[in-house]
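Please keep the sequence and the model open while reading.

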Amino acid sequence: MKKLLILSVALGSLSSAAAAQNNELHVYNWSDYIAEDTIAKFEAETGIKVTYDVYDSNEVLEAKMLTGNSGYDVVVPTSDFLQRQIAAGAYMKLDKSKLPNLVNMDPDLMANAAAYDPGNEHAVIYMWGTTGIGYDVNAVAERLGADYVVDSWDLVFNPDVVSKLADCGVTFLNAPTEMIPAAMNYLGLDPNSTNKDDLEKGAALLEKVRPHIRYFHSSQYINDLANGDVCVSVGWSGDVFQAQARADEADNGVEVGYIIPKEGALQWFDMMAIPVDAPNPDAAHKFINFIMDPQITADITNYVWYANGNAASLPLVDEEITSNPGIFPTEEAKAHLWASKVYDARTDRLITRLWTRVKTGQ
Ligand code: SPD
């Protein structure tokens, strides 16, 4: 009798653990990348309790995905990183029967994303954007002159220009696979080249301007630009527009601008995917489907100022966002955008070495 009781208590606690797990979802997403009420709405609609953690670097996410057992159910890698992680077996195939809101997605953008994930079997577009330059309009004009036209990577890669801005704070993303190709593109090289000499030339340019760079960080610049604590940041489109909105709201006299430089810029897609060992794949599918609801995606875009891949959401997105060429680039600007290709392991190691040299000078 006693044995039976122990067994039934054990079984009972196992099933309540399973029940608790079925009712929980662990999401790992980029910082500053969701509307204030998105998670609360999902919890209210499904009764699933969400734990929501954030990161600001693909490398940090990748380390977790390649180690396994992250405990996350939904993560949001950028498309080129996604491709390498799919190849490593990090993600499960999506069960599209559980994703009826897929019909809302823009077929052309999903076709672009399929270059990294054939058939869109493992991931769905969350948001997309460009890597350009955010700047404090007045601080830059004070240093370079009111007539200076801010339209080029000269602002950060031309030593004569960036040296004049150093005192008000110039920052770079801590993202080697974006910064080195951007420098290569500025030098007239193919930003996707994996030629060692080309990558070294890009890194050498970054080392040359390094003395004028205040810090390398991928999220701190949002508040710093908004508060006037830095004046130029290589940054992600929506994050710079969030800085602009925060400055406007604070009414602090800081005017933040964003450019997609005329020489071109990286266009990227951040993708929702489910780790192969996700504790709760069913809730993960529910979450991804919920995000693809046109109103939910529109609410996110209206809050974070990033473009999305959900065609049905666009009529619900604020016109000041859909008509903003820094968020939805013009056809002319689109012609100069590049998409990154996944690096092989050898190139990846080279980039890591070069990046350490850029940041530390060694
Ligand atoms: N605050 C959200 C930032 C999202 C940036 N996505 C990464 C793009 C990498 N190319």
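Is Glu-43 buried, partly exposed or exposed? The model is a predicted one, and in it Glu-43 has a relative accessibility of 24%. Buried residues lie under 20% and exposed ones over 50%, so Glu-43 counts as partly exposed. The partner of Glu-43 is Lys-49: the two form a salt bridge in which the closest N and O atoms are 3.9 Å apart. A pair qualifies when a side-chain nitrogen of Lys or Arg is within 4 Å of a carboxyl oxygen of Asp or Glu, and so the 3.9 Å between Glu-43 and Lys-49 meets the cut-off.

A second salt bridge joins Arg-84 and Asp-348, with 3.4 Å between the closest N and O atoms. This pair connects distant parts of the chain, since its members are 264 residues apart. Arg-84 belongs to helix α4 (residues 79-87), while Asp-348 belongs to helix α17 (residues 345-360). The relative accessible area of Arg-84 is 18%; because this value is under 20%, Arg-84 is classed as buried.

Next come Glu-142 and Arg-143, whose side chains meet in a salt bridge at 3.6 Å, N to O. Glu-142 has a relative accessible area of 64% and is therefore exposed. For Arg-143 the value is 26%, so this residue is partly exposed.

Salt bridges also link three residues into a network: Asp-37, Lys-41 and Asp-299. How many salt bridges does a search of the whole structure find? The search finds 15.

Terms used
Residues numbered from 1 in each chain as written. Predicted model: local features only at pLDDT ≥ 70, side-chain atom pairs only at ≥ 80, totals over all residues. Heavy atoms only, no water. Buried < 20%, exposed > 50% of the residue type's maximum accessible area, 1.4 Å probe, protein only. Helix = DSSP H or I, 4+ residues; strand = E, 2+ residues; numbered from the N terminus.
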